[in-house]
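Hi,

Here is the structure I promised to pass on. Have a look at it first, and then read my notes below.

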Amino acid sequence: MGKEQVEVLNALDAAKTQWYHFTAIIIAGMGFFTDAYDLFCISLVTKLLGRIYYHVDGAAKPGPLPPNVSAAVNGVAFVGTLSGQLFFGWLGDKMGRKKVYGMTLVLMVIASISCLSFGRDAKTMMTTLCFFRFWLDFGIGGDYHNV
């Protein structure tokens, strides 16, 4: 480690805690919370989606989500996250990380609200869910890359 880097680290260690530090912790923490919630709650949501949209009247067991639909709902998250990391990483190099981080947060808020989805039938519901989940995870990929 160079002398300049050590001086910067020493200055950070000696700095008093300010409001900015709390703001940075809250913003980064909420970003990570959103990421984790999105990626880990979907297993519970897919069970509910199967019971609601793929229920067969008179069946002994609740309706399961078909494997191809389950794969789409889960897989679109990883495709979106990878794409978001690549795109927002490139954009962060061009525009600056702070600006791009704000863009990812706005995208995540809009897409997460939109994940409530639209439609009454199973196909429309799953299509809109996958579409908005892709954009949510696209923003999450940018969040991972720019923090």
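How many residues does helix α2 have, and how far does it reach from its first C-alpha to its last? Helix α2 (residues 19-53) has 35 residues and reaches 47 Å, close to the 51 Å expected at 1.5 Å a residue. That expected span is 1.5 Å times one less than the number of residues. Helices here are DSSP runs of H or I with at least four residues, strands are E runs with at least two, and both are numbered from the N terminus.

Before you go on: this is a predicted model, where local features need pLDDT of at least 70 and side-chain atom pairs count only at pLDDT 80 or more, while totals for chains, interfaces and linings use all residues. Residues are numbered from 1 along each chain as its sequence is written, and side-chain values use heavy atoms, with hydrogens and water left out.

Back to α2: it bends by about 45° at Ile-42. A bend is the angle between axes fitted to the seven residues ending at a residue and the seven starting there. Ile-42 is also one of the buried residues of α2, which include Asp-35, Asp-38 and Thr-46. Buried means under 20% relative accessible area, exposed over 50%, and partly exposed in between (1.4 Å probe, protein chains only).

Next, α3. Its 29 residues should span 42 Å at 1.5 Å a residue, and its end C-alpha atoms are 41 Å apart, which agrees. There is a kink of about 25° centred on Gly-75. Among the buried residues of α3 are Val-73, Gly-80 and Thr-81. Thr-81 counts as buried because its relative accessibility is 10%. Leaving aside neighbours within four places in sequence, Thr-81 is in contact (heavy atoms within 4.5 Å) with Asp-137, Phe-138, Gly-141 and Tyr-144. After α3 comes Gly-96, with a positive phi near 105°.

Now for the core. A nonpolar core is a set of buried Ala, Val, Leu, Ile, Met, Phe, Trp, Tyr and Cys residues joined through side-chain atoms within 4.5 Å. The largest one has 21 residues, and Val-73, Met-126 and Leu-136 have the most contacts inside it. At least two residues of this core come from each of α2, α3, α4 (97-114) and α5 (122-146), and α5 gives the largest share, nine residues. Not counting residues up to four places away in sequence, Val-73 touches Ile-42, Thr-46, Met-126, Leu-129, Cys-130 and Arg-133.

Cheers
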